[in-house]
Amino acid sequence: MTVKAYGAHAADKPLEPIAIERREPGPHDVRIDILFCGVCHSDLHTVRSEWGGTIYPCVPGHEIVGRVSAVGGSVDKFAVGEIVGVGCLVDSCQHCASCGEGLEQYCENGFTGTYGGATPDAPGHTLGGYSEQIVASDKFVLKIRHPEEQLAAVAPLLCAGITTWSPLRHWNAGPGKKVGIVGIGGLGHMGVKLAHALGAHTVAFTTSESKRQDALDLGADEVVVSRNADEMAAHTGSFDFILNTVAASHDLDAFTRLLKRDGTLCVVGVPEHPHPSPAVDVLIFGRKSIAGSLIGGIAETQEMLDFCAEHGIVSEIEMIAVQDIDLAYDRMQRSDVKYRFVIDNASLAA
Ligand code: NAP
Ligand code: ZN
């Protein structure tokens, strides 16, 4: 089926309307009419080929919420009319050790991303959620249990939510732990909400003085403006865990210094240019770790969605028409987003 989408034909070209093909649902497939799609900084990195290797045309979007409009004959988990989500993954090998443990994002044979991944479907790579419809294998479709009026604000949970939830859970953020969240953008604002909801003493680090009050409102117990050396120094040696979501190259030592003995700084931001090499003495004197984490598996994504539905957690969003996407990217580049742009996919029909 031919559907309307928005995509880019080259790194230096703006996004524009583009017609794409979606396969007919196979026996295990779910066809979804997309209602809303969040705008992740990874979409911008990819469209502009900041990481290199982007395949065009590129239709981004991996924070998808929509309504099931068809299911294959072997699908019993989902029914037509149901509200569902699709995140960053649409396939994986399903037989390696990581897939066996429900960690499809670490599939040893390579997962298929929701956009830019290899697929037999035309045009040979996957096309994401800036489109009217998507067809995905039922194993990679999530149940959405939030009330319908919150659906636009649920979309960012599919990437920003799970990418912060997974490391917070892995490193045991919870009561009695002091947890830092660096960069209060799409990922970071969800990190603050989730760390707070998990019961950790949560400290938000921002470069934007203007986000100080917002960070408290999001659930932070304390806020540090990271450009202020005295504010930073007051937290030296005190954190169990710091999650760094910053999308640009910066000095990591400023944060490893704030860790306790055996503490971990986990980076999830993937900047275009590398960070300066971290100082090893800061790590050695204190047995500290720098770690990384990639989105999350399907089971833990469902766990996060259910936790958020139960606790009334959604993203803070600014809704846009798809035609405004380049403006949204430019604002995201300037850290001027409060706190996630979400596309109203009905605007694709315009
Ligand atoms: P975003 O909404 O643009 O937020 C990034 C935040 O980082 C900004 O709002 C800003 O917060 C801070 N920041 C930006 N430039 C900075 C600089 N030069 N120095 C210090 N802080 C700066 O981006 P996002 O969608 O949250 O994504 C963040 C990063 O995570 C991106 O690189 C994205 O590709 C990556 N990502 C990774 C995964 C994964 O699985 N690992 C998944 C999704 C996204 P303040 O104003 O508070 O300083
Ligand atoms: Zn993302």
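Me: Which residues are linked with R23 in a network of salt bridges?
Reply: In this predicted model, D29 and D121 are linked with R23 in that network. Residues are numbered from 1 along each chain as its sequence is written, and local features need pLDDT of at least 70, with side-chain atom pairs counted only at pLDDT 80 or more. Side-chain values use heavy atoms, leaving out hydrogens and water.

Me: Why is the contact of R23 with D121 called a salt bridge?
Reply: A salt bridge needs a side-chain nitrogen of Lys or Arg within 4 Å of a carboxyl oxygen of Asp or Glu. The closest N and O atoms of R23 and D121 are 2.6 Å apart, so the pair counts as a salt bridge.

Me: What makes R23 partly exposed?
Reply: Buried means under 20% relative accessible area, exposed over 50%, and partly exposed in between (1.4 Å probe, protein chains only). R23 has 30% relative accessibility, so it counts as partly exposed. D121, with 23%, is partly exposed too.

Me: Why is the pair of F205 and F255 edge-to-face?
Reply: Rings of Phe, Tyr and Trp (its six-membered ring) pair if their centres lie within 6.5 Å; planes under 30 degrees apart count as stacked, over 60 as edge-to-face and the rest as tilted. The centres of F205 and F255 are 5.4 Å apart and their planes at 85 degrees, so the pair is edge-to-face. Both residues are buried.

Me: Which residues form one aromatic cluster with F205?
Reply: F239 and F255 form that cluster with F205.

Conventions: Chains are lettered from A and ligands numbered from 1 in the order in which they are written.
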